[in-house]
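Subject: Structure handover

Hello,

My notes on it follow.

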Amino acid sequence: MKSILITGGCGFIGSNLAIALKKEGYSVACFDNLSRRGSEILMDRIKEHGCDFIYGDIRNYEDFSKLKGQYNLMLECSAEPSVLVGSSGEDAKYMINNNLVGSLNCFEFCRKRKIAIIFMSTSRVYPYNIINNRKFEESLSRYEYADTFPCISKKGISTEFQLNGYRSLYGATKLASEFILKEYSINYSLPAIINRCGIIAGPWQLGKVDQGVFTHWLSSHFYKKNLQYIGFGGKGKQVRDLLHINDIIELIKLQIKNINKFKGDVFNAGGASFSNLSLIETTKICEDISSNKVKIIQDINNRPADIIWYITNNGNTEKVFSWKPTLPPKTILTDIFNWLKENEILLKKILN
Ligand SMILES: NC(=O)c1ccc[n+]([C@@H]2O[C@H](COP(=O)([O-])OP(=O)(O)OC[C@H]3O[C@@H](n4cnc5c(N)ncnc54)[C@H](O)[C@@H]3O)[C@@H](O)[C@H]2O)c1
């Protein structure tokens, strides 16, 4: 496994993976249409670390003809990752073309060229209406799971959780891609892994209101900008797990070494019960790290497809790969803060 192609290689996960894998001795090419705000910064960064950049759009199958290398593995990290895109219907076609048609083009390219693939999917495939309808108890700083239901417990949601429900167009395009990839894998003997990720956070995530919440929260403290607790009573008690980018990189390195054993197997990857926070708890840590306090406005109205609580149960991932998250929330947020400080001028125009 020598040569790796990363679609979305100038995004947060793609670029960090590219640099880490280059350091491991792989040859790495990043294919990206630079549509994410700030992705040129990450393009410069991957080039500085010796990775190749190829401009292209996964929606246009012709663009794949620019890829002349002999790749052994594709890491499919390109997407429109905002759950809000498509929620009004305005961008529905863009979301479907980008995340479904685009990823099908990636799978087809892998089939034709016999390239193994790791597909970055999302916890958003689990239906929000089923999760939100569970019973939660309200403690001082968070909502806690307090129900009995298959495949969900205080330890999190496992890969067997029921899929019949509503999940947002983002979640639906990802789940549809997962199903097709499984068929490609079994029918065409294409080694493939699907990672359903909770929130991944860390340096070089150019976070914004609708994606990259932990960078958004910390950079708002750093630049002293107001924030909002949106939905679920406007109390900031909704909970998410967070996984450091370095932890998912370690998992993917293990997956690459074993890729030939897998035929579209699904793995959860998240901070799990080890690393999760409510917004109130996030605020407290951000205040401690930045020594700044910002005004937080309360909005009781839920946003489309929002969830009250999501914690990953990494179950089979931990067993199969002998892997676990290692970096706790305060370390993740401190790493983001140090990165903001070290790159203040570069990041100001994007994050402020
Ligand atoms: N970051 C997270 O918390 C998280 C959580 C769950 C799943 N994921 C998934 O992981 C993957 C990477 O996420 P990320 O956080 O790095 O997102 P990102 O937005 O930082 O990176 C995505 C990259 O894909 C590129 N891109 C988008 N559309 C493209 C197209 N049509 N053709 C070529 N390039 C295109 C963008 O320019 C960007 O550089 C995505 O599939 C996302 O759905 C991320």
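The side chain of Tyr170 places an N or O atom 2.6 Å from an oxygen atom of the ligand. Before going further, note that this is a predicted model. A backbone N or O atom of Cys10 is 3.3 Å from an oxygen atom of the ligand, and a polar backbone atom of Met120 is 3.5 Å from a ligand oxygen atom. On its own the ligand would expose 830 Å², of which the protein buries 97%.

The shell around the ligand consists of 31 residues, and Tyr170 is among the closest, together with Ile13, Asp32, Asn98 and Lys174. Sorted by class, the shell has 13 nonpolar, 13 polar and five charged residues. Which elements each supply at least two residues of this shell? They are helix H1 (12–23), strand E5 (116–122), helix H5 (168–187) and strand E11 (199–201). The largest share, three residues, is that of E5.

Thr173 belongs to helix H5. Its relative accessible area is 4%, so Thr173 is buried. The side chain of Thr173 reaches back to the backbone oxygen of Tyr170, at 2.8 Å; Tyr170 is the residue whose side chain has the 2.6 Å contact with the ligand. Phe12 is in helix H1. With a relative accessible area of 12%, and under 20% counting as buried, Phe12 is a buried residue.

On aromatic residues: the structure has 19 aromatic pairs. One of them joins Phe136 and Trp309, with ring centres 5.9 Å apart and planes at 45°, a tilted arrangement. Why does this pair tie together parts that are 173 residues apart in sequence? Because Phe136 lies in strand E6 (residues 136–138), whereas Trp309 lies in strand E17 (residues 309–310). Are the two partners buried or exposed? Phe136 has 15% relative accessibility and counts as buried, and Trp309, with a relative accessible area of 2%, is buried too. Elsewhere, Phe31, Tyr61, Phe64 and Phe109 make up one aromatic cluster.

Arginines also sit over rings. Arg134 is over the face of Phe149, 3.8 Å from the ring centre. Arg111 is over the face of Tyr188, and there the distance to the ring centre is 5.5 Å.

Arg113 is in helix H3 (residues 92–113). Its relative accessibility is 32%, so Arg113 counts as partly exposed. Arg113 and Asn72 are 41 residues apart in sequence, and their C-alpha atoms are 8.9 Å apart. Arg59 is in the loop between strand E3 (52–55) and strand E4 (73–76). Arg59 is partly exposed as well, at a relative accessible area of 30%. From Arg59 to Trp323 the separation is 264 residues in sequence and 34 Å in space, C-alpha to C-alpha.

Last, the backbone. Most residues other than glycine have a negative phi. Which residues here have a positive phi without being glycine? Phe232 is one of them, with a phi of about 50°, and Ser291 is another, with a phi near 60°. Each is in a loop. Phe232 is in the loop between strand E12 (227–230) and strand E13 (239–244), while Ser291 is in the loop between helix H8 (279–290) and strand E16 (296–299). As for accessibility, Phe232 is buried, its relative accessible area being 10%, but Ser291 is exposed, with a value of 63%.

Regards

Key
Residues numbered from 1 in each chain as written. Predicted model: local features only at pLDDT ≥ 70, side-chain atom pairs only at ≥ 80, totals over all residues. Heavy atoms only, no water. Near = heavy atom within 4 Å. Polar contact = N/O pair within 3.5 Å; in protein donor to acceptor, adjacent residues only side chain to side chain. Areas by Shrake-Rupley, 256 points an atom, 1.4 Å probe, with all protein chains shown as cover. Helix = DSSP H or I, 4+ residues; strand = E, 2+ residues; numbered from the N terminus. Nonpolar A, V, L, I, M, F, W, Y, C, P; charged D, E, K, R; others polar. Phe/Tyr/Trp six-rings, centres within 6.5 Å; stacked < 30°, edge-to-face > 60°. Buried < 20%, exposed > 50% of the residue type's maximum accessible area, 1.4 Å probe, protein only. Lys NZ or Arg CZ within 6 Å of the ring centre and 35° of its normal.
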